[in-house]
Structure formats: structure tokens, C-alpha cells
Amino acid sequence: MATSMTSQSPADPPTKAPALSPSRQPLPLSASQESQVRELYHKRVRNKCADEVRDFASCAMNHTFTATIMCRKEQKAMNTCMMKYANQAEMDAARAEWFATIDQRKQQREEKEEKRKKDEVFWRQWWDKDLSKKPGEAGEGK
């Protein structure tokens, strides 16, 4: 009886897992990287609705707390445009743009760090700062 429970019939083929679709997000991003993607996404949407945003801003500049009432038409046009372009496809495009510019951002960081090091050397020479000397050593009060 024990042998019949352990043996499996060879006629039962193993079930295959469903094929996974390729991910739109090749790497998981950190919170700061996701923030950068969101900023890029919002920038892209604002650029597409720049005329509507400009119209609402010019109307709102002439009004104080009555801007929501007096500029309702412009606000509605702006919100309609934003809702039109604020979708998952635009978020995916922003994410793809973020991944496409990784090398460019890395190069900018490296250039900034190189400039910072050069500036540090310049300011140490300018102020005659020598890190090997300590305040109060002999020869300083001449």
C-alpha cells in the first residue's frame, strides 16, 4: 500500500507556468530615483499643457482669492489637458527617458565632483590652508 502512494503516473505532465511578459521597469528604483521619474513625468505633462497653464496663470495673477471663481474656464481647460496627458503611457515614457539619460547624469555628476575637487585645491591655496599643519604649532606666530 505504501508503494502505490509514492509512485506517480507518468501520464500526468507537469504544468507549465504562464509566460511572463517583459517588464516595463527593467530595474527596481529607489525612492529618490522614483521621485526623479515623477518630476520628469510632471515636467512632460506641464510642457504639453503649457498654453493652458500659461492662460490660467495670467488670469490668476489679476485675482486673489477669487481666482478659482473668476478663472474657472481657464482652470477647467488646464485640468482637462492635464488629465488628458497624465496617464500610464506618459509615465512609461518618462521612465524610459530617465533610463535613457542615466549615462548623461552620471557624466554630469563626475564633472561636478571634478570641479569641486579643483575648487577645493584652489581655495586651499588661496587661503594658504595646509591640512598637515595644526593650529598652535611652532612657526605659526612669527
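**Helices, disulfides and side-chain contacts**

Glu120 and Arg124 lie four residues apart in helix α7, so about one helical turn separates them. Their side chains form a salt bridge, with the closest N and O atoms 2.6 Å apart. A salt bridge here is a side-chain nitrogen of Lys or Arg within 4 Å of a carboxyl oxygen of Asp or Glu. Glu120 is partly exposed at 31% relative accessibility. Arg124 is also partly exposed, at 28%. Buried means under 20% relative accessible area, exposed means over 50%, and partly exposed lies in between (1.4 Å probe, protein chains only).

The model is predicted: local features need pLDDT of at least 70, side-chain atom pairs count only at pLDDT 80 or more, and totals for chains, interfaces and linings use all residues. Residues are numbered from 1 along each chain as its sequence is written, and side-chain values use heavy atoms, with hydrogens and water left out.

The protein has seven helices and zero strands. From the N terminus on, the order of elements is α-α-α-α-α-α-α. Helices (H or I, at least four residues) and strands (E, at least two) are DSSP runs, numbered from the N terminus. Of the 142 residues, 14% count as buried.

Helix α7 has 25 residues. The distance from its first C-alpha to its last is 36 Å, close to the 36 Å expected at 1.5 Å a residue. The expected span is 1.5 Å times one less than the number of residues. Asp128 follows α7 and has a positive phi, near 55 degrees.

The whole structure contains ten salt bridges. One of them pairs Arg95 with Glu34 at 3.3 Å, N to O. Arg95 lies in helix α6 (residues 88–100) and Glu34 in helix α2, so this pair ties together parts 61 residues apart in sequence. Arg95 is buried, with a relative accessible area of 7%. Glu34 is partly exposed at 22%. Asp119 is partly exposed, at 30% relative accessibility.

Two disulfides are found. The criterion is a pair of cysteine sulfur atoms within 2.5 Å. Cys49 is joined to Cys81, S to S 2.0 Å. This link is left-handed, with -90 degrees about the S-S bond. It connects distant parts of the chain, 32 residues apart. Cys49 sits in the loop between α2 (31–48) and α3 (50–61), whereas Cys81 sits in helix α5 (residues 72–85). Both Cys49 and Cys81 are buried.

The other disulfide joins Cys59 to Cys71, S to S 1.9 Å. Its torsion about the S-S bond is about -90 degrees, so the Cys59 and Cys71 link is left-handed. Cys59 lies in helix α3 and Cys71 in the loop between α4 (67–70) and α5, so the pair ties together parts twelve residues apart in sequence. Cys59 is buried at 12% relative accessible area. Cys71 is buried at 0%. With bonded cysteines counted along the chain, the disulfide pattern is 1-4, 2-3.

Two aromatic pairs are present. The rings of Trp98 and Phe99 have centres 5.1 Å apart and planes at 85 degrees, so this pair is edge-to-face. Rings of Phe, Tyr and Trp (its six-membered ring) pair if their centres lie within 6.5 Å; planes under 30 degrees apart count as stacked, over 60 as edge-to-face and the rest as tilted. Trp98 and Phe99 are both buried. The rings of Phe122 and Trp123 have centres 5.0 Å apart and planes at 75 degrees, so this pair is edge-to-face. Phe122 is partly exposed at 40% relative accessible area. Trp123 is partly exposed at 45% and is found in helix α7 (residues 102–126).

Phe122 and Trp123 also belong to a nonpolar surface patch, together with Trp126 and Trp127. The patch covers about 540 Å². Patches are made of residues with over 30% relative accessible area and no salt bridge; like charges are joined within 9 Å and nonpolar side chains (Val, Leu, Ile, Met, Phe, Trp, Tyr) within 5 Å. Accessible areas come from the Shrake-Rupley method with a 1.4 Å probe, and for residues only the protein chains shown count as cover.
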